[in-house]
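Dear colleague,

I am handing over the structure below, and I would be grateful if you could look through it alongside the notes that follow.

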Amino acid sequence: MSSVSAPPFDGKTFVRTLTGAPGVYRMFDADDELLYVGKAGNLKKRVGSYFLKPKMDPRIAAMVGQIARMETTVTRTEAEALLLEAQLIKSLKPRYNIVLRDDKSYPYIHLTADPARAAQDPAAPPSERFPRLAFHRGARSGKGRYFGPFPSAGAVRESLDLIQKLFRIRNCEDSYFRNRSRPCLQHQIGRCTAPCVGLVAAEDYAADVRHAEMFLDGRAGAVMDELVATMERLSADLAFERAAVVRDQIAAVKRVQARHYVQGASADMDVIACAIRGGIACVSVLFFRNGVSLGSRDFFPRLAGTTDDAAILGSFIAQYYLERPVPAELIVSHAPEDAGPLAEALAGHAGHAVEIKANVRSDRARFLDLARRNADAALASRLASRQTMLNRFEALRDLLELDETPQRIECFDISHTMGEATVASCVVFGPEGPEKSQYRRFNITGITPGDDYAAMRQALQRRFRRESAAASAALAQEPTAAGGQGEAEAPPPAAPAKPPLMARLPDLLLIDGGKGQLQQAIDVLNELGLEGVPVVGVAKGEARRAGDETLIVGRSGRTLFPGPESPASHLVQAVRDEAHRFAITGHRGRREKAREASTLEEIAGVGARRRAAGLNHIGGLGGLSKAGIEELMQVSGISRQLAERIYATFHG
């Protein structure tokens, strides 16, 4: 019997059911995968434009031809629709949307407490009366203030370096601060007033902290006024040595202002430019806060076929500022089509007015030109890197005599220390470079310690077992070659270029090791019915130098020596080294975690709950080893007697 396919999606009928209210629409294909998310000021008109226009862009026509069903969500305003669209795109990553690939959280400067408030609490610990300024990345759930976000870790460290030079605020961990008996090197080089040993009064330290806050808030002028007043007061009181210290501080603040203040920059402003070439887009952002340049950052969003600069910038701004503070001004190289609703949505998110400007003059035009040049330079570098990577992929194809250039290379490596905490890594490379979201680690258990062959076998089985089952299920569902007598033969379904169930299989599998490890890979692939995956062993040369590797080609067993000058060898080295790095990192983490637990397990009275509480509260085994008895007692469930036992374990 022939299979009955689902009727095509009737877009015109669907449009008749829609309202004219603003909202978000979602398109799905026959496999119920999300194709596209869009926003609309009028759902009926916007969705109708996909089905009522006689001619469409080929990319849009291809997308519409795959629609099997649609969903809509009505919102109160177009601004709400825009924010909902950005949230859905960022979380679901539809195939035809422009997607910002930016998974790193941005860094902040963290002031751990308010010394003025702590001074009013007689029970406040010294770490709160003398707070620290430190680098922070992640959730901002701790006490104190957070300054930022900064565009890079380097910008944070540069700012912290300036603050230490100007105001000498400590940056040491609390556990280190509590256990000092004499000043550390930071005090000796003039970057800390040594509150740990009482060399600065609490009120003087609080004043330094307040000035640091003002400086980070962009109120350097107010800091200068206060310092000048303090210097004059000290001079009048004949405290000339202290007045000289403040005088030097004033001079340092002036130098910093002269070096970092940017003429023409508003209090808070981001300048954003887009460049597109060779199927790649680069969005470059210059960050200005309080008249100070914080540097720049380049982004490469996934285009999904579009080449419209304004559309790319609109989608980038909506997604990028969805979870970040928004400055008062956004200067853009191309005005988004929905700039008005976008500014309204960002203003509602930020709690202050936001302007999006494209036609600018004077200093802003100069900054915009700089952002454009940054985008062009970053894009040129990216294209050159991409072409280099593509050349290496093609060289590897020719070297291994593959039918096609591989689009997905996977490499496995094993790491352990004398058999302890064995970890296997799997890294993935494509023509664009490493695909880190696809990386996997496998904690190896149940083998003889140090048995690399068994470890490799277990990792490969765990990696490919699911793909083998999926492939078998796909084959079982294929229709028979011919129908019964008298029945009309069903037309064969159109086969996609690459079966979806097999899409996760690599086009080339690299195994870090010699013939033994390679044979394990071949055996596993044969057992799982995946004989078609090319597999190559990467064995180190006799001198163990980079470029001297021997490649052992799969089932044929032939050996290749590409040499250090070969582009194919460069690619293999890069993939193998990344697999090695990823495996070692996982192994070290697993080993340290095991040692943390084993060290605490030796202490009577420290069970699993108290181990977890202590490590989470203080910050791992390193923090626990430096903690004093009073700090240990702050952990839930740890008495003074138990705290003394833990302290004795680490301090004899």
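Contact here means heavy atoms within 4.5 Å. The model is a predicted one, in which local features need pLDDT of at least 70 and side-chain atom pairs count only at pLDDT 80 or more, while totals for chains, interfaces and linings use all residues. Residues are numbered from 1 along each chain as its sequence is written, and side-chain values use heavy atoms, with hydrogens and water left out.

With neighbours within four places in sequence set aside, Leu133 is in contact with Ile109, His110, Leu111, Leu160, Ile163, Ile169, Arg170, Asn171, Ala212 and Leu216. Leu133 is also listed, together with Ile272, Val283, Phe316 and Ile317, among the residues with the most contacts inside the largest nonpolar core, which has 64 residues. Such a core is a set of buried Ala, Val, Leu, Ile, Met, Phe, Trp, Tyr and Cys residues joined through side-chain atoms within 4.5 Å, where buried means under 20% relative accessible area, with a 1.4 Å probe and protein chains only. A second, separate core of 24 residues includes Ala424, Ile444, Ile511 and Leu518.

Turning to the strands and helices, these are DSSP runs numbered from the N terminus (helices are H or I with at least four residues, strands are E with at least two), and two strands pair if DSSP finds at least two bridges between them. An open sheet is formed by 3 strands in the order E5-E4-E6, with antiparallel pairing; its edge strands, E5 (133–137) and E6 (145–147), each pair on one side only. Strand E4 (residues 107–111) is joined to E6 over 3 bridges, and Ile109 has Phe147 as its bridge partner in E6.

Helix H7 (residues 153–167) lies across E4 and E5 and runs at about 170° to E5, axes being lines fitted to C-alpha atoms, for helices over the stretch in contact, and angles running from 0 to 180 degrees between N-to-C directions. The axes of H7 and helix H10 (residues 202–216) come within 10 Å and cross at roughly 140°.

Finally, His211, which lies in helix H10, is buried, with a relative accessible area of 5%. Not counting residues up to four places away in sequence, His211 touches Phe167, Val223, Glu226 and Leu227.

With kind regards

Note on methods:
Buried < 20%, exposed > 50% of the residue type's maximum accessible area, 1.4 Å probe, protein only.
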